Amino acid sequence: MEYIDFNNYCGLIDLGVWGSMMKKDKIIGIVFLFIISFFSFKTLIESREFILKEIKKFDVRLGLVSEEGIYKKNESLKKTISQIESEFNNYIYNKNMFVELNGYIHKVLRKNVVNDIESDRTIIKDKKGYLHFNYGKERINMDKNFNGIKNISEFCQREGKEFLYVQAPLKIIENKTILPIGIKDYSNKMADELVKKLKGDEVPVLDLRESMERENLNYNEVFFKTDHHWTLESGYWAYQKVIERLRGCLDIENKFKYDDEKNYEMLKFEKHFVGSQGKRVGKYYTEIDDVVLPVPKFVTDLTVKFFNAKGEFIKERTGEFYDALINREILESKNVYDSKYEGFLDTNQEIRIVNNFAKNNKKILFIKDSFARPVAGYMSLEVKETRLLDARHFKGDFYNYIKKYNPDAVIMLYNPGVFKIAEMFEFY
Amino acid sequence: MLFSSSIFLFVFLPICLFLYYLIPSKYRKIRNLFLLVMSLGFYAWGEPVFVILMLMSIIGNYIFGLLIDKHLGNASKSKFVLSIMLIFNLSGLFLFKYSAFFIENINNLFNLNIVVPTIQLPIGISFFTFQAISYVIDVYRRIDSDGDIIKAQKNPVNVGLYIALFPQLIAGPIVRYKTVAQQIEQRYENFDNFCFGIKRFIVGLGKKVIISNNMALIADAIFNSSINEISVASVWLGAIAYSLQIFFDFSGYSDMAIGLGKMFGFEFLENFNYPYISKSVSEFWRRWHISLGTWFKDYVYFPLGGSLKGKYRTILNLAIVWFLTGFWHGANWTYISWGIYFFIFISLEKVLKGKVKLSKYFDWMSHIYTLLVVLFGWVLFRANSIQEAGNYIKTMLGLGGNIAIDEVFILLVNENIIFLIAAILCSMPILSFMRKRKIYCFVSEESKILSFIYESIYVSIYIILFMITMSYIVKGAYNPFIYFNF
């Protein structure tokens, strides 16, 4: 009988010197070599195109580097190397499997904070199992945000357009979401400050957080468990609130009432979606969300046009609500990690929706973040034309755009998660 | 390139191993040349331009080695060559690592306004410079401690391989030339050693990625906070986490280096030996970064006379060595102070040795004393300035008026308790302790079922450890690089 010598070297564990040690070591060695060779081969095959592309960009980068002499080539080479490494990491064979394994380890360890290489993307799990980003861990001054909104509002007033700032909620809901002890989020405090300032300056504001509180909405159902966006149903609810607020000014009917089941049906995709937050920790750390899409029962005919960052037309979809607004390939995808929220109006670039059955000629412009897409999508059923602009992508002049487009109303809809993105409030 | 990166694990390492072993072992020179080219590529991946510096170091020291060899019978000439070699190597180190520090201090001291150059530090410059110096000095000394004759390399590839060999290039261990002189030309790669190297590499990778990186999250969260806003409990937690982070990071890199070395047939010496179980500061330094301590002992302390020239000279020699040890770690007064801090404790221990009556509780007390000295030392090491370290230590001692405990502490402990326990346990030789206390596993070789179960568990532990480590690497978890100063 022999004992195992654990103290072979100063490592974590070594189950040491024993009869058939070499046999065990060889198995470990062979498995190790197999794993690294297999993943090396598969990943290089999958990423080779992208890596070659990055190598070809070397000369382009060379032109952009400000350094001189040998350091010029060095900087360009460093950037190329960094991009190659980044592409390789993105295309690691079966990356999701590793992310899921990692998430599972965190679940076993009962960790509620899963740190990420991008600190803003660190995942926080609340008491009910909802995942969050900690956007508002530092409180920022809201003056610039306030001034940006106020400038647009004043411009609309001068031009005789209706203006409404819609404060969408954040997934971290004041006094409702229970975060792990020690995690602070000031997003709602910042939103409160902004709304208060805007109201004080008589800028028209619709604070959907107040509406939710008033209607005692089931907070758990407002957001996806695994995505930072609200659900499509919540977008649909928000559209009702916006319409209620604007109906008087715009003289439009609300034929697609939220509480009238004759008007809509709920298209449900069960266990269908792991969102932006869930995909960073994998499906075993969290739960898979259902996706519910309210679809009108009445006949619709919409034309949706998509534009790129340069304002160039990209593609068009025409048909019923589902055919025009929904990207089937994404929404119906069996891959739970495909962003199903993006299945509703695809993108944050400029979008124009024309309602071919509209009974009025009203036009609405959304200046918005991604939360507005379902809101605008449902709104398009009420008016002739709805356009969506996102300040992160639209590089033209908003004032000229508004003048040229001449909408009846400008709706600015932001969630508190974008407060730190300066370019979304730069309206001078 | 970092060992704990997917590009190393899935591209560099498999390609390097495959091509290396594709070359028949009888073509040793071609294998060495291939390893040198791969090592230079490994280095260039992080900072392409500094490969030129590396090549200059290789060529320069190759020539110095030949010159020393040539003038071996002529003491004055060989000493002259040795001096030039030191100027050559240390001026490179000075230029890149210390010039800005010196100019800043001259500006402050004499109220001048000399432009402080912004020079990027070549990764691992302190490591490879020390190795290069080791090569020429060992050739100069001719005979090593075992009585073997050390000759200058006629083949520059071999000098290059010694200086630039990728496993120990960026974070050590500092391999002295005499350790590997023979292995460069005559080493015996075999699959048993190769597999043992893989095991060692997996363990090192696990230490770095699983334990050290998670400790870094705690340490960085606390050290990056404003000292006025954190509690006493948090600052203690931060100091402990940093102590564990640096140990598992550094010893993990050493394990990986030793493991990789074995894969290519090299045998590097151990660099860490459970330093946190030490019962004196002197013992700590015999167990911590052994290769650096040995380097300074061999190439600085002994040449200065060591402890053979009387008490005061010994203290002076120690002061020089510890000043240099601190300064080697970085061009900042914090590192210098950290070196002097250890000099004080080591000197005191030397002076008091045998004069203090030991009680039966001395073992525990001396262990706590050592841990506290080391812990406060790490605060000094981690801080950006001496003042920052002072404030941090003041808060640790409860003199800063901070609250006792805060939510940050609760969060960090709640989230990391398992990592903290694992880190503390793994920093001690618990398995050896279990063996001594007869709390060990035993398996009869005669029982085939038990043997099979045991072997399966044994293999699974390593494979699972590797898969978990890969999950952190592929996911892109927090992976700080602690050697940017070295």
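Which helices each supply at least two residues of the lining of the largest cavity?

## The largest cavity

Keep in mind that this is a predicted model. The answer brings in both chains: α4 (95–108) of chain A, plus α8 (191–223) and α18 (448–475) of chain B, each supply at least two lining residues. Of these, α8(B) gives the most, with four residues.

If you want to find the spot on screen, start with N115(A), N214(B), L217(B), Y472(B) and A477(B), which lie nearest the centre of the cavity. In total, 13 residues line the largest cavity. Sorted by class, that lining has six nonpolar, five polar and two charged residues.

## How many, and how big

The largest cavity has a volume of about 110 Å³. As for the overall tally, there are five cavities of 30 Å³ or more.

## A nonpolar patch on chain B

A nonpolar surface patch of about 690 Å² is built from L316(B), I320(B), F323(B), L324(B), I340(B), I344(B), L348(B), V351(B) and L352(B). Two helices of chain B, α12 (311–329) and α13 (333–352), are the elements that give two or more residues to this patch. Helix α13(B) gives the most, with five residues.

## A closer look at L352(B)

One of the patch residues, L352(B), sits in helix α13 of chain B. Is L352(B) buried or partly exposed? L352(B) counts as partly exposed because its relative accessibility is 41%, and partly exposed covers the range between under 20% (buried) and over 50% (exposed).

Note on methods:
Residues numbered from 1 in each chain as written. Chains lettered and ligands numbered in written order. Predicted model: local features only at pLDDT ≥ 70, side-chain atom pairs only at ≥ 80, totals over all residues. Heavy atoms only, no water. 1 Å grid on protein atoms, 1.4 Å probe; cavity = no way out; pocket = protein on both sides within 12 Å on 5 of 7 lines; lining within 4 Å. Points joined across faces, edges and corners; volume = space filled by probe spheres on them. Nonpolar A, V, L, I, M, F, W, Y, C, P; charged D, E, K, R; others polar. Patch = residues over 30% accessible without salt bridge, like charges linked within 9 Å, V, L, I, M, F, W, Y side chains within 5 Å. Areas by Shrake-Rupley, 256 points an atom, 1.4 Å probe, with all protein chains shown as cover. Salt bridge = Lys/Arg side-chain N within 4 Å of Asp/Glu carboxyl O. Buried < 20%, exposed > 50% of the residue type's maximum accessible area, 1.4 Å probe, protein only.
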